[in-house]
Amino acid sequence: MLDKIKIALAVACMVAGVAAYYWFADAAVVLRVLMVLGGLVAAAGVAWLSAPGKEFFAFAQEAWAEAGRVS
């Protein structure tokens, strides 16, 4: 149950970053892009704290290593 809340919070962080991009339309583009990136970093951090997130990051590391071995 707690993992579902963490994943939902991660999705909310991503949505908040994208919403901030459009909400602050009069701000500089660099700041707006940083808002989106901040939302993605926050989402990744929250997702990493959940069990499915840890499994995904472990899978991603193994896939990256396998791609390195293939090439």
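Student: Which residue caps the N-terminal end of H3?
Tutor: Good place to start, and keep in mind that this is a predicted model. A side-chain oxygen lies 3.2 Å from the backbone nitrogen of Gly 53.

Student: How far apart are the end C-alpha atoms of helix H3?
Tutor: Let's begin with what to expect. Helix H3 covers residues 51-70, which is 20 residues, and at 1.5 Å a residue it should span 28 Å. The distance in the model agrees with that: 29 Å.

Student: How many aromatic pairs does a search of the whole structure find?
Tutor: The search turns up two aromatic pairs. One of them joins Tyr 21 and Tyr 22, with ring centres 5.1 Å apart. Their planes meet at 85°, and over 60 degrees counts as edge-to-face. Phe 56 and Phe 57 also form an edge-to-face pair, at 5.7 Å centre to centre and 65° between the planes, and the search total is two.

Student: Which residue has its charged end over the ring of Tyr 21?
Tutor: Two charge-over-ring contacts are worth a look here. Lys 54 lies over the face of Trp 48, 5.7 Å from the ring centre. Over Tyr 21, at 4.0 Å from the ring centre, sits the charged end of Arg 32.

Methods. Residues are numbered from 1 along each chain as its sequence is written. This is a predicted model: local features need pLDDT of at least 70, side-chain atom pairs count only at pLDDT 80 or more; totals for chains, interfaces and linings use all residues. Side-chain values use heavy atoms; hydrogens and water are left out. Rings of Phe, Tyr and Trp (its six-membered ring) pair if their centres lie within 6.5 Å; planes under 30 degrees apart count as stacked, over 60 as edge-to-face and the rest as tilted. A charge sits over a ring if NZ of Lys or CZ of Arg is within 6 Å of the ring centre and within 35 degrees of the ring normal. Helices (H or I, at least four residues) and strands (E, at least two) are DSSP runs, numbered from the N terminus. The expected span of a helix is 1.5 Å times one less than its number of residues. A polar contact is a pair of N or O atoms within 3.5 Å; within protein, one must be able to donate a hydrogen and the other to accept it, and residues adjacent in sequence count only if both atoms are side-chain atoms.
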